[in-house]
Amino acid sequence: MMQKKTIVIHSKVAYGYVGSNTTSLVLQLAGQDVISVPTVVLSNRYGLPTVGGGLLPETLFQEVLDGILKLNILDEVSTILTGYIGSAALVERTAQFIAQIKKSHPAIVYLCDPVMGDQPQGLYVNQEVPNAIVQYLLPLADVLTPNQFEMETILQQKMSTEKQVIEAIEQHDVLRHKDILVTGCRFEDAANHLQIIVKQKEFYDCIATTYVPLDPPGTGELFAALVLLLKCRAYEAYSDCVKEASILINAVLQNMLEEGRTEFDLQDIVAVQQQFQLI
């Protein structure tokens, strides 16, 4: 059976496996066709000694989005995934694009990976970007996949326990109506594990995953893509998707740790896909 398409709005690098280089590839290897829209075009990820490139100009970005709409292919689309968006202006244009799609095709599922930063480095976008994501993208999202730092940034408070996270979500006018997967939580009472808090409708779950002391750039992208695939292909409950995605990712991280590597390469993406096919 032909799979419907996913629109991926994310960063694009010439070298490395971050942004759409990871997200789109994982989806495509699983047989999911991708319509890929770059928000930034770079030689490589930020954080390396040098980087070339930059944000797409607003006019060019808008022309790409308009061009997709003019193709009249939205009946072929099942999901939208957004990731790194490097300016508030592009966030707002992305939101307008998604709102237009959701108006005519409300069944299309929108997964928002609100890429803002992580611990210990903090924000790696301008402060205007988190504010724009909260204002424009959160209300449109069906499911969100922030890490703990991003969740704290959205809620504007530090959280050190599962209870604090749940209470903060329930008190938030927008978030309490969303499905949310909060990844990479390091809580005081779980020093040797990472926690993933899963909210699906009004139900919560907290899933403990073995901590592998390695955090390669692109892990969030890999997680979001796997969750999307698992939800579409295998499981109804996000808790089950999270458990399987965590197993797949931890196996790759453990292998990287043993080989002394700190960056994903093609063999890691292929290994994840091979294991995914066994599910």
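Reading contacts in a predicted model

Tutor: In this predicted model, the axes of helix H2 (residues 58-70) and helix H3 (residues 88-104) come within 10 Å and cross at roughly 10°.

Student: Why is H2 called roughly parallel to H3?

Tutor: Angles under 35 degrees count as roughly parallel. The axes of H2 and H3 cross at roughly 10°, so H2 is roughly parallel to H3.

Student: Which residues of H2 and H3 meet?

Tutor: From H2, the residues are Glu58, Phe61, Gln62, Leu65, Ile68 and Leu69. Their partners in H3 are Ala89, Leu90, Arg93, Thr94, Phe97, Gln100 and Ile101. Sorted by class, the contact of H2 with H3 has 8 nonpolar, 3 polar and 2 charged residues.

Student: How many salt bridges does the structure hold?

Tutor: There are 12 salt bridges in the structure. One of them joins the side chains of lysine 5 and glutamate 76, at 2.8 Å from N to O.

Student: What makes lysine 5 and glutamate 76 a salt bridge?

Tutor: The rule asks for a side-chain nitrogen of Lys or Arg within 4 Å of a carboxyl oxygen of Asp or Glu. For lysine 5 and glutamate 76, the N to O value is 2.8 Å, so the pair qualifies as a salt bridge.

Student: Why is this pair said to tie together parts that are apart in sequence?

Tutor: Lysine 5 belongs to strand E1 (residues 5-13), while glutamate 76 lies in the loop between H2 and strand E4 (77-82), so the pair ties together parts that are 71 residues apart in sequence.

Student: How do you know whether lysine 5 is buried or exposed?

Tutor: Buried means under 20% relative accessible area. Lysine 5 has 17% relative accessibility, so lysine 5 counts as buried. Glutamate 76 has a relative accessible area of 36%, and is therefore partly exposed.

Student: What do lysine 102 and aspartate 142 form?

Tutor: Lysine 102 and aspartate 142 form a salt bridge, with their closest N and O atoms 2.6 Å apart. Lysine 102 is in helix H3 and aspartate 142 is in the loop between helix H4 (128-137) and strand E8 (143-144), so this pair ties together parts that are 40 residues apart in sequence. Lysine 102 counts as buried because its relative accessibility is 16%, whereas aspartate 142, at 30%, is partly exposed.

Student: Where do glutamate 167 and lysine 163 lie?

Tutor: Both residues lie in helix H6 (residues 162-170), 4 residues apart, which is about one turn of the helix.

Student: Why is lysine 163 counted as exposed?

Tutor: Exposed means over 50% relative accessible area. Lysine 163 is at 58%, so lysine 163 counts as exposed. Glutamate 167, at 38%, counts as partly exposed.

Student: Which residues are linked in a network of salt bridges?

Tutor: The network links Glu259, Arg261, Asp265 and Asp268.

Student: What makes tyrosine 46 and tyrosine 84 an aromatic pair?

Tutor: Ring centres must lie within 6.5 Å. The value for tyrosine 46 and tyrosine 84 is 6.4 Å centre to centre, so the rings pair. The count comes to 1 aromatic pair.

Student: Why is the pair called tilted?

Tutor: Planes under 30 degrees apart count as stacked, those over 60 as edge-to-face, and the rest as tilted. Here there is 50° between the planes, so the word is tilted.

Conventions
Residues are numbered from 1 along each chain as its sequence is written. This is a predicted model: local features need pLDDT of at least 70, side-chain atom pairs count only at pLDDT 80 or more; totals for chains, interfaces and linings use all residues. Side-chain values use heavy atoms; hydrogens and water are left out. Axes are lines fitted to C-alpha atoms, for helices over the stretch in contact, and angles run from 0 to 180 degrees between N-to-C directions. Helices (H or I, at least four residues) and strands (E, at least two) are DSSP runs, numbered from the N terminus. Angles under 35 degrees count as roughly parallel, over 145 as roughly antiparallel, 65 to 115 as roughly perpendicular and the rest as oblique. Contact means heavy atoms within 4.5 Å. Ala, Val, Leu, Ile, Met, Phe, Trp, Tyr, Cys and Pro count as nonpolar, Asp, Glu, Lys and Arg as charged, and the others, Gly among them, as polar. Buried means under 20% relative accessible area, exposed over 50%, partly exposed in between (1.4 Å probe, protein chains only). Rings of Phe, Tyr and Trp (its six-membered ring) pair if their centres lie within 6.5 Å; planes under 30 degrees apart count as stacked, over 60 as edge-to-face and the rest as tilted.
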